[in-house]
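This report covers the sheets of the model, the packing of helices on them and the aromatic contacts. The sequence and structure come first.

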There are 2 protein chains.
Amino acid sequence: MTGSVFLVGAGPGDPDLITLKAVNALKIADVVLVDDLVNPEILNHCPQARIVYVGKRGGCKSTPQDFINRMLVSMAEKGLKVVRLKGGDPFLFGRGGEEMLALQTAGIHYEVISGVTSGIAVPASLGIPVTHRALTHGVTFVTGHTQDGEQPNWSALVDSQTTLVIYMGIKHLPEIVKSLLDAGMSHEMSTIAIQHGTLKTERHVKAPLSMLPMAVRKENLGSPAIIVIGEVVRLANGERLLAALNIAA
Amino acid sequence: MTGSVFLVGAGPGDPDLITLKAVNALKIADVVLVDDLVNPEILNHCPQARIVYVGKRGGCKSTPQDFINRMLVSMAEKGLKVVRLKGGDPFLFGRGGEEMLALQTAGIHYEVISGVTSGIAVPASLGIPVTHRALTHGVTFVTGHTQDGEQPNWSALVDSQTTLVIYMGIKHLPEIVKSLLDAGMSHEMSTIAIQHGTLKTERHVKAPLSMLPMAVRKENLGSPAIIVIGEVVRLANGERLLAALNIAA
């Protein structure tokens, strides 16, 4: 008898932004493999389960992905019900895709339980909709930190005129901003960096694009953070009424 | 005494993909304003509330946005606790931003409760992660249907090499595909259109880019649907093991 693996999104931080389906999976779990980015309060839903921490925060020591994949497979093969709990959504920069492929290859039954992604919910918590039809036709989610060191095509992203939401972008922020400026984005473009979004410990820095790296350094804003670049940032708390008038006009 | 408005995401369809926070808001609501795209089962969380349907499905008759904004304000001014329940997430093509601005302008207390967006969860339900680090640096969400008739910069989006997720794209699919081909995207690029994703009534059509419009017409696939264009679509059920081998190689 083999078990199952649930690849579960824990949401952006606020423990109430988890889905009913995720809670149901946690309640029946024998073991839960947890990332650093998951709010510990969420584990109150699974007092019966063994908890295994497999932190993966950018730059720090973490459990290698291959090792996590093998753990998921071997636990399921022992007949256990395993929850792999990840911050945000498991399939948006969560490496859930890699874990799914490992489970498929091993013939393990699995289910993906999508979560609320930080890239939408964190700006929303400050009154920023990542899309607004008067300001943009869409939104792009990218990572600022890739293992191979490759960069997104920043020039094309500037031309796309979509809102840019950058995950794990603090470390390489100066290079990212330079690339965007080189690609012709305005020095004055509205930007915001938000640490610990949707939590009481939330802190953020709002600045015109060219000033953002300095502002982030000055405020000592660290990871995990979400960076939003685009006209919609004008709607953030504080400038919102003015922005409303500008849009209406 | 004024009331409050909760701008709430109902998730992609599966009634268990709603958040605890959304359920809590529904439980205390006096009145709930609901879109067509919301699964009626979700209203089981608020038997005490008055339900007002304000459908907005693309192309069909619907309640004008200004009228909805005014309803939200006037109900809150009467002291009611109002939930504005939207399919997916309220701030990703949900016009939640417009409703928020109307509430700010009127001085109404409001809260945004983010939801699981269809653009991530619907592909995930078929085993498609919208990002996979071996295949793309990111994902872009756009609408195929804009009120002003303007189009996204498809050429820049092709150059960005991000996965493209198109909301409300069925109606204009032939034009969208032509724009992507004209911009140099491969005729063979993997694509999928998914109707009623995460529900039992789910249907989908998978095809190379240039064949997608014909395939969608042949299968009579209609709205609401999510269209995904990108290498990650190769991971969909059926081709997944082969895809896994290709990635590993």
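A residue counts as buried under 20% relative accessible area, as exposed over 50% and as partly exposed in between, using a 1.4 Å probe and protein chains only. The model is predicted: local features need pLDDT of at least 70, side-chain atom pairs count only at pLDDT 80 or more, and totals for chains, interfaces and linings use all residues. Residues are numbered from 1 along each chain as its sequence is written, chains are lettered from A and ligands numbered from 1 in the order in which they are written, and side-chain values use heavy atoms, with hydrogens and water left out.

**The aromatic contact between chains**

With a relative accessibility of 0%, A:Phe141 is classed as buried. B:Phe141 is also buried, because its relative accessible area is 0%. Rings of Phe, Tyr and Trp (its six-membered ring) pair if their centres lie within 6.5 Å; planes under 30 degrees apart are stacked, over 60 edge-to-face, and the rest tilted. Over all chains this rule gives five aromatic pairs. One of them joins A:Phe141 and B:Phe141 edge-to-face, with 5.3 Å centre to centre and 80 degrees between the planes. This pair crosses between chains, from strand E6 (residues 138-143) of chain A to strand E6 of chain B. Both residues belong to one aromatic cluster, together with A:Phe93, A:Tyr167, B:Phe93 and B:Tyr167.

**The sheet spanning both chains**

Strands are DSSP runs of E with at least two residues, helices are runs of H or I with at least four, and both are numbered from the N terminus. Two strands pair if DSSP finds at least two bridges between them. An open sheet of 10 strands has the order E9(A)-E8(A)-E10(A)-E7(A)-E6(A)-E6(B)-E7(B)-E10(B)-E8(B)-E9(B), with mixed pairing. From one strand to the next, the twist averages 15 degrees. Within this sheet, A:Ile166 is placed opposite A:Ile227 in E10(A).

Angles run from 0 to 180 degrees between N-to-C directions, and axes are lines fitted to C-alpha atoms, for helices over the stretch in contact. Contact means heavy atoms within 4.5 Å. In chain B, helix H4 (residues 118-125) lies across strands E6 (138-143), E7 (163-167), E8 (190-195) and E10 (225-229), at about 75 degrees to E10(B).

**The parallel sheet of chain A**

Chain A also has an open sheet of five strands in the order E3-E2-E4-E1-E5, with parallel pairing. Strand E3 (50-53) and strand E5 (109-113) of chain A each have a single partner strand, so one side of each lacks a neighbour in the sheet. Here the twist averages 20 degrees from one strand to the next.

| Strand pair | Sense | Bridges |
|---|---|---|
| E7(A) and E10(A) | antiparallel | four |
| E2(A) and E4(A) | parallel | four |
| E1(A) and E5(A) | parallel | five |
| E1(A) and E4(A) | parallel | six |

A:Val34 has A:Leu85 in E4(A) as its bridge partner. For A:Ser4 the bridge partner in E5(A) is A:His109, and for A:Gly9 the partner in E4(A) is A:Lys86.

How many residues of E1(A) are buried? Six of its six are, and the strand is mostly covered. In a regular strand, side chains alternate between the two faces of the sheet. A:Ser4, A:Phe6 and A:Val8 are buried on one side of E1(A), and A:Val5, A:Leu7 and A:Gly9 are buried on the other. Helix H3 (residues 96-106) of chain A lies across strand E1 (4-9), E4 and E5 of chain A, at about 170 degrees to E1(A).
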